[in-house]
Each structure stands twice: as C-alpha cells, then as structure tokens.
Amino acid sequence: MGGDRRAEDPGRSPAGLIPHSRPMVGAAEAAAAAEAVASGMLAEGARTAAFEQALARRLGLSSAVAASSGTAALHLALSALGIGPGDEVIVPSFVCAALLHAVARCGATAVPADIDPVTLNLDPADARRRMSRRTRAVVAPHMFGLAADVEGLLALGVPVVEDCAQALGGTSRGRPLGALGAASVFSFYATKVITTGEGGMVASRSEELLDRVRQLKRYDGVDDPAPRFNYKLTEMQAAIGVVQLGRLQAFIDRRRGIAARYTAAFGVHPVGLPPVDPEHIFFRYVVDLRSDAERFLREARAAGVACERPVYRPLHRLLGRQGYPASETAFRQCVSIPIYPALMDTEIDRIIAVVSGLLPHPAR
Ligand SMILES: *Cc1c(COP(=O)(O)O)cnc(C)c1O
C-alpha cells in the first residue's frame, strides 16, 4: 500500500485521513457498560472499587482513588498534599495546560521549568534553579510514555507528584511509574493509554493521603464547610476501565512493536528519534525534525497522515515568558507521528511511507 495515493489524490476527503489518535474499544467495553446500566447502580460503587483495586495492584500499591479526569485527579492530589495560596509548584514547560489549571485551582502558582532536550522530560537541574522558599511540590509528567528522572526530582526535597497520564504501565528501572513519588495521577481521556471516555485516578503509598483525596471528592454527609469537589467516576466508566486495564499489556506491546518499525524506518534520516529504551511505552512517537515543523505537519496531513505538535502550547508561551530554550526548540521542531494499538498494519505502512518521504534526507 504505502503512501501511493498521495500524489494521485492530494485533496481527498478527511475520511481518508489516518487520525493522530483513535481509542481501542469494542464489544467487551460495550457489554461491561451495558451491564453497569442494567444493574441500576450508576454512581460510584462496586465497579469503581474494582477499577481502583486493579489499578493499584498494577502499580504494586494497596489502593487508589478514582476521579472524573486527570485534571481533577491532579487537583485532588495537590489539595491533599496541602498545596494552597502562596505556594509554588514546579511543572515542566513542555506539557499541556491541564497542569497549570490544576495548580491554579489550588490557589497556588505554577512555576514552569525547562526540559531535558533528549528525554523531553522535566530537567531536575533547571527545576532546582526555579525553586524558591515557597516551592511546595513538583509535578513530574512521564512525557510521551518515557520515565522522568524521578530520583533527580526527589532529591530536590519537596513532594513529587508523578503525572502518569501518558505513562500507565511504564516502568523506571523495573519499578512501576506511579509508585515512586508522594502521589501519582492518571487520565483515562479518550486518547490516553487506556480510556473510560473521561476519567482519572490518584494513587499513593500513603493511605492517609488517599483518605484526604476521598474526603475531598464527596460532599454528602459532611458537616464542615471546607471546599470539596464532586469529582467522581461513574460505574459505566469504571466497568469500561476494568476491561481496558485487562488489555493494557497488549496495548503496550503493540505500541512498542509499532515504535520499533518507525525507528527502523526513520533511523536513516538526520532527525532526532525517541530514546531507545525498553521501558518506554510509546504513548507518543515524537520526532525532532531539527528544523521548523510547520511545513512537515501541513504536508503530512495533505498526504493523509494527521501528525501533530506533541504539545499544543508550551506553558512558557501560554504565560508569555522567555528563558525556556529546550522547551521552545521542542515546540518548534517536534512532531508526533500517529502511534496507537488501533492502527492497522496497512495504516502503519502508509504512515512510514508518507513520513519517510517528508523527512529530510541524509547527506550523501
Ligand atoms: C491528558 C493529560 C492530563 C489531563 O488529563 P485529563 O483527563 O484530560 O484531565 C494531565 N497531564 C498530562 C501529562 C496529560 O497528558
């Protein structure tokens, strides 16, 4: 197949476009959701508890608490850590705006730090430079499925919240991501590693912290007036989540298989490819073009492959700040190539043909 239709049919309808992401859901998820509906128990109940237990077990922890989204989970985790007005929280600049919003919802200030140009994860040395007397936590996303330097961040001496929205099932030196910091958060948005449509989770080794999270997400039967948030998951979502979690390892194996094909095909081009790391789960396959990405993105789309910037707007740009050279370069030059278990082999062939045709060629 390959990218052969490109030249003949440059203006074909978006129906022919390979999307940047697509959820992998089917009959088993539909049956689980239908069973939850039929049970008449729609709000948080036994299925949510089972989903929490299953996720905690995957991390080697004893419990976790479901939330309505990854952003809600992060708001809950930071609140449970006592983050509030006057506090500062270090976050990477090269990440989605959800982190900014969750910190702001605590009344605290997000302080972006720069990233490592190779791993694209938060750089502990730059994080240290941005710390002040007010710094109370670090949020460390494992970007694109590759472990952040949690040890380097733990050495900063403030609680580290692992953001595993893109890294469920990943590990660092054999240890599950999400079990390394003071707390961790997960997202089950439609295009994440596993999905419940929308959804999230907070995990932690500390039962005390998880109890505070549980308190913060329910308002009924409570006498004190401190702010709380109804951030609960539904049983339909949890039922889907249990099925998805059962498929997680197969999803990751498929992602790694596709990544290996991309690396073999794109390795001949003078571009920056993702670090070759057997623990990477390849939520995204991010290529540094070493030049401005705009034209590549336009031409790939015209050729039927929806590539995207891996981050819509880095936080330093949203905030109108300078001094983030690695994040700025990644924003200008990096592209995310479609990679997800729902891709068919013929689509992978086409992606490889289209992308190879658009990447810069090796000097001869
Ligand atoms: C998606 C995402 C979030 C937010 O999760 P939602 O479920 O969309 O609220 C937070 N952090 C990272 C790194 C993400 O990729």
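The largest cavity holds about 100 Å³ of space. This model is predicted. Searching the whole structure for cavities of 30 Å³ or more turns up 1. The lining of the largest cavity is made of 17 residues. Nearest its centre lie Arg-22, Pro-23, Thr-191, Lys-192 and Arg-255. Sorted by class, the lining of this cavity has 9 nonpolar, 4 polar and 4 charged residues.

The largest pocket has a volume of about 800 Å³. Two or more residues of its lining come from each of α4, α5 and β8 (183–187). In total, 36 residues line the largest pocket. Cys-96, Gln-166, Lys-192, Arg-284 and Pro-310 lie nearest its centre. The lining of the largest pocket divides into 20 nonpolar, 9 polar and 7 charged residues.

What takes up the space of the largest pocket? The ligand does.

Which residues are around the ligand? They are Ser-69, Gly-70, Thr-71, Cys-96, Ala-98, Leu-99, Asp-163, Ala-165, Gln-166, Ser-187, Lys-192 and Gly-199. This shell has 4 nonpolar, 6 polar and 2 charged residues. Helix α4 (70–80) supplies at least two residues of the shell, and so does α5 (98–105).

The table gives three of them.

| Residue | Ligand atom | Distance |
|---|---|---|
| Asp-163 | nitrogen | 2.6 Å |
| Gln-166 | oxygen | 2.9 Å |
| Lys-192 | oxygen | 2.9 Å |

For Asp-163, the distance runs from a polar side-chain atom to a nitrogen atom of the ligand. For Gln-166, an N or O atom of the side chain lies 2.9 Å from a ligand oxygen. Lys-192 also has a side-chain N or O atom 2.9 Å from an oxygen atom of the ligand. How much of the ligand's accessible area does the protein cover? On its own, the ligand has 380 Å² of accessible area, and the protein covers 87% of it.

Lys-192 links several parts of this account. Lys-192 is among the residues nearest the centre of the largest cavity. Lys-192 is also among those nearest the centre of the largest pocket. And Lys-192 is one of the residues around the ligand.

How values were computed. Residues are numbered from 1 along each chain as its sequence is written. This is a predicted model: local features need pLDDT of at least 70, side-chain atom pairs count only at pLDDT 80 or more; totals for chains, interfaces and linings use all residues. Side-chain values use heavy atoms; hydrogens and water are left out. A residue is near a molecule or strand if one of its heavy atoms lies within 4 Å of it. A polar contact is a pair of N or O atoms within 3.5 Å; within protein, one must be able to donate a hydrogen and the other to accept it, and residues adjacent in sequence count only if both atoms are side-chain atoms. Accessible areas come from the Shrake-Rupley method with a 1.4 Å probe; for residues, only the protein chains shown count as cover. On a 1 Å grid over the protein atoms alone, a cavity is a set of points where a 1.4 Å probe fits but cannot get out, and a pocket is an open set with protein on both sides within 12 Å along at least five of seven lines; lining residues have an atom within 4 Å of a point. A molecule sits in a cavity or pocket if more than half of its atoms lie within 2 Å of its grid points. Helices (H or I, at least four residues) and strands (E, at least two) are DSSP runs, numbered from the N terminus. Ala, Val, Leu, Ile, Met, Phe, Trp, Tyr, Cys and Pro count as nonpolar, Asp, Glu, Lys and Arg as charged, and the others, Gly among them, as polar. Grid points are joined across faces, edges and corners, and a volume is the space filled by probe spheres set on the points.
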